[in-house]
Amino acid sequence: MSNLWDPISLGNTVLKNRLAMAPMTRNRTTVEGVPTELTVEYYRQRSGLGLIITEGTQPSAEGQGYLLTPGIYNQAQIEGWAKVADAVHAEGSALFIQVMHAGRISHPDNTLGGTLPVAPSAVNPETHIYTLDGAKDIPTPRELATEEIAGVVEEFRTAARSAIAAGADGIEIHSANGYLLHQFLSPNTNLRADGYGGDIAARARIVLEVVRAAVEEIGADRVGIRLSPNNGAGGTVEGENYRETYQYLVQQLAPLGLAYLHLLHIGDEGLLGWIRENWPSRLILNRAGRPVSQIGADIQAGLADIESVGQPVLANPDLQERLQSSAALNEADASTFYGGGQQGYTDYPTLQEIS
Ligand SMILES: Cc1cc2nc3c(=O)[nH]c(=O)nc-3n(C[C@H](O)[C@H](O)[C@H](O)COP(=O)(O)O)c2cc1C
């Protein structure tokens, strides 16, 4: 029976344990999207975990959704991430940078170029987003022209190369949670009539093109992907046939030899079982909101190779020590999730600091 604390290989690296930090946007970089010394400290503190998956990181100025999020499309950003990679590696952990294009979940006030959000189709998400002037309604996005899609794929390719240049062990392609790639997968946000919309294969096409481009650029063992079947995030409505979409995707991705599939699981045990059987490499499972006592249970049950954890890692820089000694956990403070300085970021106490 596998245990959370056993080492495991992932791509071309070996993780010291099977606990991963789930990607979490924290809105604390510079306006230009450069990770700071505080970013370095935040990830360094959490490097007792075998794998750090970073917050969503935009592959272009246009791909930015929220304020003060990191990019990976210019030299200053690469240098910022290089400091994070060095710190994480010095603690014996591995680093995958999550590459996230926000698509329609954005606002011209939040992108450096002031551009209108782009999306598969001009469908308004009917929600608001925080800007420097407070919450504002999200405008209706601009539909990407067919000729522009190759450019988006290239942005991911370049981001993959830049992540490796920064010293990361790989990238995670964000195809979940209602952002651009998930907007292509989801029928209510993708109304396209060209080869990128319509049936499942057409809706999944850009995802596969992005993955293949990243694989060509940096090698499959450095590429992971995150999927969140039917989780409804960002106003996505995947419909009754969502399982078929994800089964198709998994079947198409399986031969590519990726480092991992990272599944955000909201309770479809049947689909999870199917994916576990049909996915040939590492499966990282994020069972959102599971009680702390359940961390490790999916690995023991053989349902996952690695478990990723979000809020408990955010609030407990020494989560692995606390789990190993059955110590109490700090509570996450939601008021400091998305912005601020050290507070709620690098100042959560370790066990040692409390005692
Ligand atoms: C503050 C915060 C920011 C998040 N940002 C991201 C993100 O950038 N990319 C992503 O894929 N998921 C993001 N998530 C989702 C988490 O990765 C994870 O799936 C979710 O928190 C459920 O896991 P948990 O119950 O262990 O926290 C975020 C979650 C939180 C709490």
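A salt bridge is taken here as a side-chain nitrogen of Lys or Arg within 4 Å of a carboxyl oxygen of Asp or Glu. By that criterion, 18 salt bridges are found in the whole structure. The model is a predicted one.

1. An unreviewed UniProt entry lists residues 4-328 as "domain: NADH:flavin oxidoreductase/NADH oxidase N-terminal".

2. The side chains of R161 and E217 form a salt bridge, with an N to O distance of 2.7 Å. Because R161 belongs to helix α3 (residues 146-165) and E217 to helix α5 (residues 200-218), the pair ties together parts that are 56 residues apart in sequence. Both residues count as partly exposed: R161 has a relative accessibility of 43%, and E217 has one of 26%.

3. Salt bridge with a buried arginine. D194 and R192 also meet through their side chains in a salt bridge (2.7 Å, N to O). R192 is buried, its relative accessible area being 5%.

4. In the pair E269 and R287, the closest N and O atoms are 2.9 Å apart. The pair links distant parts of the chain, since E269 lies in helix α7 and R287 in strand β13, 18 residues apart. E269 is partly exposed at 41% relative accessibility, as is R287 at 22%.

5. Salt-bridge network. Salt bridges with shared partners join E154, R157, R161, E216 and E217 into one network.

6. Faces of helix α7. Within helix α7 (residues 269-278), the residues L271, L272 and I275 are buried. Viewed down the axis of α7, the buried residues fall within an arc of 100°, and they therefore line one face of the helix. The face turned away from the buried side carries the exposed residues G270 and E277.

7. Surroundings of helix α7. The buried residues of α7 pack against α6 (242-253), β12 (260-265) and β13 (282-287).

8. Hairpin of β7 and β8. Strand β7 (residues 128-131) is joined to β8 by a hairpin through two residues. The strands run antiparallel, with four bridges between β7 and β8 (residues 134-137); H128 has D137 as its bridge partner in β8. In β7, I129 and T131 form the covered face, whereas H128 and Y130 form the uncovered one.

Definitions and conventions: Residues numbered from 1 in each chain as written. Predicted model: local features only at pLDDT ≥ 70, side-chain atom pairs only at ≥ 80, totals over all residues. Heavy atoms only, no water. UniProt positions renumbered as here; feature names shortened; annotations may be inferred. Buried < 20%, exposed > 50% of the residue type's maximum accessible area, 1.4 Å probe, protein only. Arc of directions from axis to C-beta. Contact = heavy atoms within 4.5 Å. Pairing = 2+ DSSP bridges.
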